[in-house]
Amino acid sequence: MTYEITDDPLILAGRRFGSRLIVGTGKYATFDLMRKALALSGAEIVTVAVRRVNLSDQSGSSLLDYIDTGRFMILPNTAGCYTAEDAIRVANLGREAGLSDWVKLEVIGDEKTLFPDTEALVAATKALVKDGFVVLPYTNDDPIVARKLQDAGAAAVMPLGAPIGSGMGIQNPANIRIILETMTVPVIVDAGVGTASDAAIAMELGCDGVLMNTGIACARDPLAMAVAMKLAVRSGRLAFKAGRIPRKLYATASSPVQGVPK
Amino acid sequence: MMTLLINGETRSLLRAAHIAELIRFLGIKPDRIAIELNRRVVKKTEWGTTRLQDGDRIEIVQFVGGG
């Protein structure tokens, strides 16, 4: 694998990544557009879903024809699974398809919100960790659940900013901050990022990374948005490390108060 | 003659086969796919030796775009 290693790498399960932006491969108008967006985003990890092969029609091109697996790490998800049992099955299928034993674990509780069923999520995390998977669970912004996932052996926790595909940004920054204070594993905001500032805000809070799909794929110009997101994650991270000024109710002049010509 | 449920579709085979033969029969490329037989993942190394039986449920999956 050829990853661009910087002096501020994202470290997941002992592996170093130069990019703190993880992107999904769904919802693109064409595979070619997806390929270009992935490249422009600077991401090193991309998520994919696991679905039935179409038995009647295999003429279409396949996703992996458009992803250089030497350059990108494939992270299979368990999207569409509503029980721990199904998520475990899909995780195993993803591993068997042969590219890694990492999994973005989703156990969905509700079709409208796509919020996680956290009880099943914790159970599935425990089972998959025991079976040797590197588990990155998509969770909510509840710090108690995050702690349970960490205790269960998750390699990171991935709290949602807002519902998947909603573009509402970071709805509960206070909880994300609490999660950041209580976790020792990396915290990656996953879901709800709508535009560049949302990603920057997540990084400014201190998150270790951001995962997004719709925010780029469904932007009017996905290629421009891919660049914007890459820059936003980087700038947010730099700002976090630079140490922001405190928020104050009243002004403090930036220019000297004395010596004003009168 | 046996009846199988493959990816939710009923298919018939004229004779007994193992999974590797089924894949060839269906014209599916063996790369980057995974197979489940009766809800249990079958490793690629076992495709040539896992025989199918009447009533078996098979899932053949691949990676597609997703978030």
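## The end of helix H2(A)

A:Gly98 follows H2(A) and has a positive phi, near 105 degrees. The model is predicted: local features need pLDDT of at least 70, side-chain atom pairs count only at pLDDT 80 or more, and totals for chains, interfaces and linings use all residues. Residues are numbered from 1 along each chain as its sequence is written, while chains are lettered from A and ligands numbered from 1 in the order in which they are written.

## Helix H2(A)

H2 of chain A covers residues 84-96, 13 residues in total. Helices (H or I, at least four residues) and strands (E, at least two) are DSSP runs, numbered from the N terminus. From first C-alpha to last, H2(A) reaches 18 Å, close to the 18 Å expected at 1.5 Å a residue. That expected span is 1.5 Å times one less than the number of residues.

H2(A) is largely enclosed by the rest of the structure, because 10 of its 13 residues are buried. Buried means that 20 or more other C-beta atoms, placed from the backbone, lie within 10 Å of the residue's own. Among them are A:Ile88, A:Val90 and A:Leu93, and also A:Arg95 and A:Glu96.

## Where chain B meets chain A

On chain B, 22 residues are in contact with 31 residues of chain A (C-beta atoms, placed from the backbone, within 7 Å). Strands S3 (33-37) and S5 (57-65) of chain B each give two or more residues to this side. S5(B) gives the most, with 7 residues.

## Pairing across the chains

S4 of chain A (residues 45-52) pairs with S5(B) in the antiparallel sense, over 5 bridges. Pairing requires at least two DSSP bridges between the strands. A:Arg51 has B:Gln62 of S5(B) as its bridge partner.

Terms used:
A residue is buried if 20 or more other C-beta atoms lie within 10 Å of its own, exposed if 12 or fewer, and partly exposed in between; C-beta atoms are placed from the backbone. Two residues are in contact if their C-beta atoms, placed from the backbone, lie within 7 Å.
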